[in-house]
Amino acid sequence: MAKVYWPYFDPEYENLSTRINPPSVSIDNTSCKECTLVKVDSMNKPGILLEVVQVLTDLDLTISKAYISSDGGWFMDVFHVTDQQGNKVTDSKTIDYIEKVLGPKSHASASQNTWPGKRVGVHSLGEHTSIEIIARDRPGLLSEISAVLADLHFNVVAAEAWTHNRRIACVLYVNDNETSRAVDDPERLSAMEEQLNLVLRGCEQEDEKVARTSLSIGSTHVDRRLHQMLFADRDYEAVTKLDGSASLGLGPKITVEHCEEKGYSVISVSCEDRAKLMFDIVCTLTDMQYIVFHATISSNGPHASQEYFIRHKDGCTLDSEGEKERVIKCLEAAIHRRVSEGWSLELCAKDRVGLLSEVTRILREHGLSVTRAGVTTVGEQAVNVFYVRDASGNPVDVKTIEALRGEIGHSMMINFKNKVPSRRWKEEGQAGTGGGWAKTSFFFGNLLEKFLP
């Protein structure tokens, strides 16, 4: 019987171009007095811009300017970045990490694409089970969800929740209370999913959209997943209530034009600047299957201006008015999802089962609604951040804040901050009490220094 010979394909063939032309990254602290320049050159590939921006924002770095070009199969980026205090990036561990993840060795291991101690967008979680929830929002819903998990002896290791246009998207990472391991018992997971769906079902009586709970064992990038969940839920179709910055004329202004010379659609975004703004926009464009060929990003004080030259992955531009309108609505939604005004509560205490349930129950009993939340665990310490408003959506009364301080301040470290648009803050003359946009989504470094050695 004659032998049949099949052609050999090197399993590393897909990485051949990268090995021949490895990416390079340089950290320049000499060319600019105010910031660090991060320069990235590499072969172009789908999603590379989002990958780079995600790495920088996961390190809580602020991008003040950026220049992107990816025509002709080659990707060239220059980012002007600072740390949370507005200083140059000089920490050697941070610099080494950027060079490792974005440099020549970045393709060697997919596991390297996660900041040590910052998995899934928050601090290290260990083994966990991921729960994703999308539903119609209502006061006390987060409290009901956490109560179900506590009753079933699930410990919430980390969580993040966003609300937008009366919808809530939440990603929770839980483990077993006794073993601190991911829960993989089908019966136990089924019981938990059934009880959560019963809680969520009460939210949907007057809404055509269906609440969903899904389970997975593994990790994902929290911020991107929340964007994907709300985008799939079509939260951008609802009319956003104008308050805060939007009511003052500070809301995002987005235009879509056609560039005849180069055959691109040009998206211009002008809005109040904030942390992770570029990530939110690039994430949304990527998930909508658009490719960014060129971009210019700049911020001048509290104002940000961003311009993207894009095409759809099939090579087409945005020609119809319907397409343009959809992109504008989706980008507006992406910008609004992370913006929270009013009071933020930062709580720190020793981690235990039911802690999240206890805190959210107290907030509910005081008539407060959580508009955004971040929960993480570092060692034995749990750190929770909640953005709250009253049940009617109005700012929280100071008397309520003081009542909360008196009730839970004795058992955990509690800190209150008032978040309002910077321009209105200046008009009201209330400097010195913690106003302005939050620098980042949930940055725990300063708070944890009080508790960790």
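At what angle do helix H2 (residues 48–58) and helix H7 (residues 277–287) pack, and how far apart are their axes? The angle is about 150°, and the axes lie 10 Å apart. The model is predicted: local features need pLDDT of at least 70, side-chain atom pairs count only at pLDDT 80 or more, and totals for chains, interfaces and linings use all residues. Residues are numbered from 1 along each chain as its sequence is written, and side-chain values use heavy atoms, with hydrogens and water left out.

Helices (H or I, at least four residues) and strands (E, at least two) are DSSP runs, numbered from the N terminus. Axes are lines fitted to C-alpha atoms, for helices over the stretch in contact, and angles run from 0 to 180 degrees between N-to-C directions. The angle makes H2 roughly antiparallel to H7 (over 145 degrees; under 35 is roughly parallel, 65 to 115 roughly perpendicular and the rest oblique). The crossing of H2 and H7 is left-handed, a term for a near helix turned anticlockwise from the far one by less than a right angle. H2 contributes Leu49, Leu50, Val53, Gln54 and Thr57 to the contact, and H7 contributes Met278, Phe279, Val282, Cys283 and Thr286. Contact means heavy atoms within 4.5 Å. By class, seven residues in the contact of H2 with H7 are nonpolar, three are polar and none is charged. Ala, Val, Leu, Ile, Met, Phe, Trp, Tyr, Cys and Pro count as nonpolar, Asp, Glu, Lys and Arg as charged, and the others, Gly among them, as polar.

H7 is largely enclosed by the rest of the structure, because ten of its eleven residues are buried. Buried means under 20% relative accessible area, with exposed over 50% and partly exposed in between (1.4 Å probe, protein chains only). The buried residues of H7 include Met278, Phe279 and Asp280. Gln289 follows H7 and has a positive phi, near 70°.

The largest nonpolar core has 53 residues. Such a core is a set of buried Ala, Val, Leu, Ile, Met, Phe, Trp, Tyr and Cys residues joined through side-chain atoms within 4.5 Å. Leu49, Phe79, Ile98, Ile267, Met278, Leu285 and Tyr308 touch the most other members. Beyond four places in sequence, the contacts of Phe79 include Leu49, Val53 and Met278. Another core, of 46 residues, lies apart from the largest one, with Leu149, Leu172, Leu196 and Leu356 among its members.

Leu142, Ser143, Glu144, Ser146, Ala147 and Ala150 of H4 meet Leu356, Ser357, Thr360, Arg361 and Arg364 of H9. The contact of H4 with H9 has four nonpolar, four polar and three charged residues.

Two strand residues were also examined. Val370 is in strand E14 (residues 368–378). Val370 is buried, at a relative accessible area of 14%. Its C-alpha is 6.6 Å from that of Arg389, 19 residues apart in sequence. Beyond four places in sequence, Val370 is in contact with residues including Leu142, Leu363 and Val388. Leu345 is in strand E13 (residues 342–350). Leu345 is buried, with a relative accessible area of 0%. Leu345 and Val388 are 43 residues apart in sequence and 7.7 Å apart, C-alpha to C-alpha. Beyond four places in sequence, Leu345 touches residues including Leu363, Phe386 and Val388.
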